[in-house]
Amino acid sequence: MINQIKKIITLAIALCLFTPIVASEPMEKPRLKVGLVLGGGGAKGAAEIGALKVIEESGIPIDYIAGTSIGSIVGGLYAMGYRSEQLDSLFNNQEWLSLLADRNRKFRDKPYMTENGVTYIFGFPVSRKKSKLANKEFGAFRGDNIIGKLDSLIGTRDSLNFDSLPIPFRCVATDIKHLKEVDISKGRLSEAMRASMAIPGAFKPIRKDSLLLTDGGMTNNLPVDVVRRMGADVVIAIDLTQNKPDDEEAPSAEVGDARGLFGWLMKRPDLQKYRENVKNIDVYINPDLGDYDVFSFSPEAVKDMIAKGEKAGRKQLKKLLKLKDSLQKSR
């Protein structure tokens with residue numbers, strides 16, 4: 001019995017001596033998170049699609065998206081799963097005048113028509129005074145066609161948590177009553193995008209809870225800070241701004257105590273935030289769009305701006321590839 005115990009002990013010692021020691025593998029470091037920022041600029045948003053083509057080509061993964069105005073539409077659709085090729089087709093094939101001006105296509109050949117209290121001239125609504133759709137809020141267009149189009153692209157009218165999208169998303173709008181930035185993270189996605197692009201005077205604002213929401217460009221046209229708060233370690237931004245404000249041109253934050261729209265015009269907090277955000281970008285893409293403006297929606301202009309966006313993206317391709325390499329090393 002004693003001999004058997006000795007043999008067992010001897011065998012156990014031998015196994016311990018000759019069993020190779022396997023070093024535990026070091027835990028893999030988490031990859032740096034990438035945020036994509038899409039600025040506002042109306043029709044100039046076509047250039048963002050061209051730049052996105054190059055970003056996709058670089059292979060950089062996008063973890064978070066924040067967008068303002070047209071950037072919220074491009075960004076929201078991108079967060080849903082649309083890619084540059086699909087967005088290119090969408091922008092090039094869209095009848096923008098009918099979409100933006102709520103044109104009723106069935107009356108497009110009628111010089112004058114009234115239906116359900118709405119008066120149309122060649123399909124464009126010019127009066128809703130006797131309609132249930134009358135809206136007393138200031139703005140030329142209701143934007144119903146835009147919301148309808150976005151709903152069809154999104155595939156749902158339901159309220160969503162924007163963090164649950166394939167890529168988490170934030171949509172920047174402005175509370176027009178208090179001239180405060182509102183970063184929308186949940187709700188009906190089409191309405192959030194429509195609110196973000198509601199240029200005061202052109203589109204009626206969107207009511208959300210107690211807020212009256214208009215174009216996010218009034219408070220944060222390039223929301224780098226928003227995507228940073230979402231968790232982005234590095235930021236790629238597509239900026240549509242052409243005539244950038246110099247530090248000397250931007251009003252001081254200490255100008256008086258004026259309130260309301262006058263106070264906003266005096267202080268221009270959007271310019272102050274813009275300058276701060278531009279300094280906090282890792283890869284900055286700023287297409288040269290010449291004389292194109294927020295209303296340059298002609299087919300020729302859209303096609304040219306997409307090409308200019310791609311050209312600007314290619315100028316930053318080396319930086320994008322370097323960034324991708326650094327992401328791989330961070331794992």
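I took a contact to mean heavy atoms within 4.5 Å. Leaving out residues up to four places away in sequence, I found L36 touching L52, I55, I62, Y64, I65, A66, V227, I236 and I238.

The model is predicted, with local features needing pLDDT of at least 70 and side-chain atom pairs pLDDT 80 or more, while totals for chains, interfaces and linings use all residues. Residues are numbered from 1 along each chain as its sequence is written, and side-chain values use heavy atoms, without hydrogens and water.

Next I looked up the cores (sets of buried Ala, Val, Leu, Ile, Met, Phe, Trp, Tyr and Cys residues joined through side-chain atoms within 4.5 Å). The largest nonpolar core holds 66 residues, and L36, I55, I62, I65 and I236 have the most contacts inside it. Helix α2 (residues 46–58) gives this core the most, 7 residues. A second, separate core has 14 residues, including V37, Y64, L222 and V224.

I then checked burial (under 20% relative accessible area, 1.4 Å probe, protein chains only). Of the chain's 331 residues, 48% are buried. Among contacts with a separation of 6 or more, 72% join residues 24 or more positions apart.

I counted secondary structure as DSSP runs (helices H or I, at least four residues; strands E, at least two), numbered from the N terminus. The chain has 12 helices and 13 strands.

Last, which residues lie nearest the centre of the largest pocket? I noted G40, G217, N221, T241 and R268, out of 24 lining residues. A pocket here is an open set of points on a 1 Å grid over the protein atoms alone, where a 1.4 Å probe fits, with protein on both sides within 12 Å along at least five of seven lines; lining residues have an atom within 4 Å of a point. Helix α10 (residues 269–278) supplies the largest share of the lining, 3 residues.

Technical notes
Buried means under 20% relative accessible area, exposed over 50%, partly exposed in between (1.4 Å probe, protein chains only).
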